[in-house]
Amino acid sequence: MVKYPRLEIHLDRLSENAKEIVALGQQYGVEIWAVTKVTCGHPEVAKTLLGAGVKALGDSRIENICRMREAGLEAYYTLVRIPMKSDVENVVRYADCSLNSDLTVLQALNEAAERVQRTHDVILMVDLGDLREGFWPTELPGAVEQVLQMKNLHLKGLGVNLTCWGGVLPTEENMGKLIELAESIESQFGIQLEIISGGNSSSLPLLREGKMPDRVNQLRIGEVLMLGNDTVTHTPFPNTRPDAFVLQAEIIELREKPSHPIGTTGLDAFGKPPVFTDKGKRIRAILGIGKQDVAADGLRPLDTGIEVVGGSSDHIILDLTEAEGTYQVGDIVCFTVGYECLLKSMTSPYVEKIVVSQK
Ligand SMILES: *Cc1c(COP(=O)(O)O)cnc(C)c1O
């Protein structure tokens with residue numbers, strides 16, 4: 001029995017994307033660490049990325065790192081969400097490295113690493129204005145001084161995260177600031193920093209233009225590998241493909257309906273006032289998938305005549321009036337997906353994950 005909804009994972013397409021980005025990195029002396037969090041650390045995804053040449057794996061959750069380790073994937077694992085103080089024991093046990101921005105957590109990591117008799121690598125994050133995680137540049141020398149005294153931690157490098165919360169874009173200027181900070185730390189403490197981590201997918205356009213300062217030697221990449229999406233311009237990233245993941249859902253109702261509700265309107269299922277354009281009667285389909293499994297605005301039908309109208313927890317509503325194909329109840333509609341949509345469908349236990357490995 002074939003079960004829907006399902007998410008096809010095309011490993012050959014994923015591998016194409018990863019080879020392209022790894023080659024781009026090589027051209028400029030930059031290691032690519034693949035971030036697997038959007039796939040919940042899916043072992044076959046991770047294995048494919050490693051096979052395509054990514055240097056290490058990063059994930060935001062220890063559970064995902066354990067999932068990949070338990071699948072037998074030997075790799076260097078980094079926790080990319082700064083650790084919870086309550087979880088430091090697991091962090092030092094299962095991750096080789098973590099990104100950090102808090103001295104009390106670093107102290108707790110050091111003590112946990114001592115208890116399990118390990119050395120744990122740390123990359124200190126610097127906030128260059130995006131206002132998510134990171135030490136302020138002025139706090140950095142003091143933090144480095146303390147970390148260097150923590151016997152069970154190894155200061156592996158510095159990193160920055162941009163375009164996540166504040167939407168701040170990587171530029172020659174803010175990357176230059178990162179290098180300046182790194183070099184002043186190196187000369188002040190007489191150390192050599194192994195990794196200068198210049199950000200996530202949003203740093204790839206700068207790299208591609210040849211404008212990334214030389215000392216940036218590592219990027220942590222998720223979205224471009226998975227979805228071939230340039231996260232700065234939201235256009236396709238050159239030489240990558242958007243269809244490594246294809247979502248399929250089944251039509252459970254198909255009927256001609258007016259495009260404007262009948263009666264006095266209140267709020268929708270999520271407490272928001274609904275907005276409608278009256279286009280007269282339309283052919284409307286309901287899919288057996290909902291906002292519990294996908295982000296409605298991240299569904300891109302492969303049949304480009306189909307319009308996604310909206311959805312509720314368990315239903316997605318489509319307008320098929322201008323569809324290229326003809327459909328009936330029980331038919332399957334296919335989509336490529338945006339990042340949030342991929343995140344939800346990978347996380348949803350109701351969506352079957354189907355690994356496709358042949359070309
Ligand atoms: C998610 C994440 C990444 C990867 O981001 P993409 O935009 O998917 O490339 C990199 N670094 C950190 C700290 C992250 O949380």
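Predicted model: local features only at pLDDT ≥ 70, side-chain atom pairs only at ≥ 80, totals over all residues.
The axes of helix H1 (residues 11–27) and helix H2 (residues 43–51) come within 9 Å and cross at roughly 40°. Axes here are lines fitted to C-alpha atoms, for helices over the stretch in contact, and angles run from 0 to 180 degrees between N-to-C directions. H1 and H2 are therefore oblique to each other. Angles under 35 degrees count as roughly parallel, over 145 as roughly antiparallel, 65 to 115 as roughly perpendicular, and the rest as oblique.

Residues are numbered from 1 along each chain as its sequence is written, and side-chain values use heavy atoms, with hydrogens and water left out. Helices (H or I, at least four residues) and strands (E, at least two) are DSSP runs, numbered from the N terminus.

Helix H6 (residues 140–148) and helix H7 (residues 172–189) have axes that come within 11 Å and cross at roughly 50°. That makes H6 oblique to H7. H6 passes H7 in a right-handed crossing.

Two backbone spots deserve a look. Most residues other than glycine have a negative phi, and most peptide bonds are trans. The peptide bond from Tyr4 to Pro5 is cis, with omega near 0°. Pro5 sits in the segment before strand E1 (6–10). Gln117 has a positive phi, near 55°. Its place is the loop between helix H5 (103–115) and strand E6 (120–126).

Of the 14 residues around the ligand, Lys37, Ser201, Arg220, Gly222 and Glu223 come nearest; a residue is near if one of its heavy atoms lies within 4 Å. An N or O atom in the Lys37 side chain is 2.7 Å from a ligand oxygen atom. A polar side-chain atom of Arg132 lies 3.1 Å from an oxygen atom of the ligand. For Arg220, a side-chain N or O atom is 2.9 Å from a ligand nitrogen atom. The protein covers 93% of the 390 Å² of accessible area that the ligand has on its own (Shrake-Rupley method, 1.4 Å probe).

Methods:
Polar contact = N/O pair within 3.5 Å; in protein donor to acceptor, adjacent residues only side chain to side chain. Left-handed = near helix turned anticlockwise from the far one by under 90°.
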